[in-house]
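Colleague: Hi! Could you walk me through this one while I have it open?
Modeller: Happy to, let me put it up.

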Amino acid sequence: HGRQAIALLERTEDWLWLGQSYWAVGINAVLLGELDEALATQQRAHAIGELRGDARLLNYSDWTSGWAHATRGDWQDGMTACRRALDRSRDAFNTLASQAWLGYCHMEEGDSAEAARLLEPVVHDPRMIGYRAVWSWLAGYLSEALRSASQPDRARVLALKVLDIGSEVHALYGIGWAQRTLGRIAQARGALSDALVH
């Protein structure tokens with residue numbers, strides 16, 4: 001649908017929705033593991049944001065690019081993009097998102113303590129209440145960062161909460177991260193059958 005929207009909007013002068021469409025296609029491309037497409041669409045969204053002076057779209061494209069870079073192992077590029085997004089953020093949502101994906105970059109790099117430090121205030125920010133699906137996603141990241149930072153009890157409590165809230169709002173990505181974390185915790189304590197279930 002996003003690609004179809006882009007094809008239709010390219011024929012118009014509706015830059016706002018064209019930029020949003022490129023950004024949305026990029027998010028889905030990251031989730032599908034199509035990281036080259038994710039980065040290409042974010043470059044296009046960023047170019048539209050610069051051309052139209054759309055600060056919000058610039059933020060969106062920066063932290064989404066950071067997420068894509070980190071997912072493919074380009075942690076420094078990911079951190080640079082997320083820091084740029086954080087530095088120029090003008091609203092609460094983009095500030096939270098930029099900080100969260102900066103935390104994700106650190107987690108992917110292997111710096112779990114820094115990842116947890118960045119993710120924790122985002123997950124516990126009361127403004128996240130309205131974004132329950134996004135909350136479960138980011139809390140899933142935090143649970144894994146806590147587990148990796150040798151805090152399995154806190155990680156387990158948070159992962160179980162992610163399963164509850166994620167199930168309510170059908171947030172499969174967050175549920176997947178929580179199950180992964182619970183599986184690794186079970187594996188570390190030798191409960192291999194539980195690990196397999198998770």
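Modeller: Before we look at a helix length, a definition: the expected span of a helix is 1.5 Å times one less than its number of residues. Keep in mind that this is a predicted model.

Colleague: Okay, what span should helix H2 have, and how far apart are its end C-alpha atoms?
Modeller: H2 covers residues 15–31, and its 17 residues should span 24 Å at 1.5 Å a residue. The end C-alpha atoms are 25 Å apart, which agrees.

Colleague: Which residues of H2 are buried?
Modeller: Among them are Leu18, Tyr22, Trp23, Val25, Ile27 and Val30, and also Gly19 and Gly26.

Colleague: And what do those buried residues pack against?
Modeller: Helices H1 (2–9), H3 (35–52) and H4 (55–71). Just after H2, glycine 33 has a positive phi of about 80 degrees.

Colleague: Switching to H3 and H4, at what angle do they pack?
Modeller: At about 160 degrees, and their axes are 9 Å apart. An angle over 145 counts as roughly antiparallel, so H3 is roughly antiparallel to H4. Their crossing is left-handed.

Colleague: Which residues make that contact?
Modeller: On H3, they include Leu35, Leu39, His46 and Glu50; on H4, Leu58, Tyr60, Asp62 and His69 are among them. The contact residues divide into 9 nonpolar, 8 polar and 2 charged.

Colleague: Last topic: where is arginine 84?
Modeller: Arginine 84 is in helix H5, residues 75–88. Its relative accessibility is 36%, so arginine 84 counts as partly exposed.

Colleague: How far is arginine 84 from proline 152?
Modeller: Their C-alpha atoms are separated by 32 Å, and the two residues lie 68 residues apart along the chain.

Methods
Residues numbered from 1 in each chain as written. Predicted model: local features only at pLDDT ≥ 70, side-chain atom pairs only at ≥ 80, totals over all residues. Heavy atoms only, no water. Helix = DSSP H or I, 4+ residues; strand = E, 2+ residues; numbered from the N terminus. Buried < 20%, exposed > 50% of the residue type's maximum accessible area, 1.4 Å probe, protein only. Contact = heavy atoms within 4.5 Å. Axes fitted to C-alpha atoms, helices over the stretch in contact; angles between N-to-C directions. Parallel < 35°, antiparallel > 145°, perpendicular 65-115°, else oblique. Left-handed = near helix turned anticlockwise from the far one by under 90°. Nonpolar A, V, L, I, M, F, W, Y, C, P; charged D, E, K, R; others polar.
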